[in-house]
Amino acid sequence: MAAEDTDVIPLLTPHKMGEFTLSHRIVLAPLTRDRSYNNVPQPHAALYYSQRATKGGLLITEATGVSDTAQGYPDTPGIWTKEHVEAWKPIVDAVHQKGGVFFVQLWHVGRVSTYDYQPGGEAPLSSTDKGLTPGLYGVDWSPPRKLTTDEIRGIVNDFRAAARNAIEAGFDGVEIHGANGYLLEQFMKDQVNDRTDEYGGSLEKRCRFALEVAAAVSDEIGSHRVGMRLSPYTDFNEAVDSDPDGLGLYMANALSKLDLVYLHVIEPRAVGSTEIEGCAEDQLLPMRKAFGNTFIAAGGFDRAKGNCAVDDEAADLVAYGRLFLANPDLPERYRLDAPLNKYDRNTFYTSHPVIGYTDYPFLQQASIV
């Protein structure tokens, strides 16, 4: 028997996440894949997600639009129509047949969009009318329009309806996307939000929209089925805050009061392809302590750093993106400390239903004796 088999591997220990009993702590991070043609989830997604499903393993879908104004990238999935719900059902079933726990990430991109993605060719919606540079694929982002207070309430209801649709599709829960410079973070961060009404100015006012979404979704499907992802330290999509420590701690405390089942936070030093050093980032510890339920860390983790984060109680769960994409059997590879497939960046966002999607090989492993 291999020596590792007798050792405790922290990432492979069980964890109780609210009512969900997880068999290990390796989470599939939400990863945009651009393969949901015309915003409709496709049958090939059932294979993709089920390949990465394990009994008692948590998977989070790619970011999924809550309305026709939420889109900003090609062929990202939606969950605002009956057609979307019906298309998601066999995908969810495929994951559940493997015993996986499946949450859908709900998003609205806000100003990270163009006229082409908006109904009627209208301007993208945001907390501000300040635009983004540079553009996507050589095309400039279109200048956004600042949302009215009534429109903000409408988008809160879009998230509520999308959460209801998610449960109808069979998902175990939803993750609210409050990270990476998309709409909720455009309100939270003071270098983007230049409003002077009840949704701008002070930290409390800037966070109001995100917390209204969290409360509405929790009211609709139960907080035991709701998580949220945050990235107070990142500057993705030109979303920066002058006091990320204060923002992160405020949101962690507020979401804990709402009793969300988990809080999912991106590591401060995880920027683009940069790998974090050491175990877990000390800057996240106040958020981890403030939030009373399951805490997920993401960004730049490998096997050793993930084990370290769990062992040090810096995180309950660790989300893996690129490594899980390229290694559909990542938990098994980590159990055996086996070599990993290399990911191919050139195929991350292609529209092909197989290449760079479901063609990464599984480990060919004889039984260990």
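Predicted model: local features only at pLDDT ≥ 70, side-chain atom pairs only at ≥ 80, totals over all residues.
**Exercise 1. The cavity**

Determine how many cavities of 30 Å³ or more the structure holds, and characterise the lining of the largest cavity by residue, element and class.

Solution. 

Step 1. The volume of the largest cavity is about 50 Å³.

Step 2. The lining of the largest cavity consists of G178, E185, M188, K189, L230, S231, P232, L247, G248 and M251. Two elements, α4 (183–188) and α7 (244–257), each give two or more residues to this lining. The greatest contribution is that of α7, with 3 residues.

Step 3. Sorted by class, the lining holds 5 nonpolar, 3 polar and 2 charged residues.

**Exercise 2. Helices α6 and α7**

Classify the relative orientation of α6 and α7, state the handedness of their crossing, and identify the residues that meet.

Solution. 

Step 1. A pair of packed helices is described by the angle between their axes and the distance between the axes. For α6 (residues 208–221) and α7, the angle is about 25° and the axes lie 11 Å apart.

Step 2. Angles under 35 degrees count as roughly parallel, and α6 and α7 are therefore roughly parallel to each other. Their crossing is right-handed.

Step 3. On the α6 side, A210, L211 and A214 take part, and they meet Y250, M251, A254 and L255 of α7. The class count for this contact is 7 nonpolar, no polar and no charged residues. M251 of α7 belongs to this contact and also lines the largest cavity.

**Exercise 3. Helices α2 and α3**

Apply the analysis of orientation, crossing and contact to α2 and α3.

Solution. 

Step 1. Helix α2 (residues 82–97) packs against helix α3 (residues 149–169) at an angle of about 40°, and the axes are 8 Å apart.

Step 2. The roughly parallel class requires an angle under 35 degrees, and the roughly perpendicular class spans 65 to 115. The crossing of α2 with α3 is right-handed.

Step 3. From α2, the contact draws on K82, V85, W88, K89 and V92; from α3, it draws on N165, E168 and A169. By class, the residues of this contact comprise 4 nonpolar, 1 polar and 3 charged.

Technical notes: Residues numbered from 1 in each chain as written. Heavy atoms only, no water. 1 Å grid on protein atoms, 1.4 Å probe; cavity = no way out; pocket = protein on both sides within 12 Å on 5 of 7 lines; lining within 4 Å. Points joined across faces, edges and corners; volume = space filled by probe spheres on them. Helix = DSSP H or I, 4+ residues; strand = E, 2+ residues; numbered from the N terminus. Nonpolar A, V, L, I, M, F, W, Y, C, P; charged D, E, K, R; others polar. Axes fitted to C-alpha atoms, helices over the stretch in contact; angles between N-to-C directions. Parallel < 35°, antiparallel > 145°, perpendicular 65-115°, else oblique. Left-handed = near helix turned anticlockwise from the far one by under 90°. Contact = heavy atoms within 4.5 Å.
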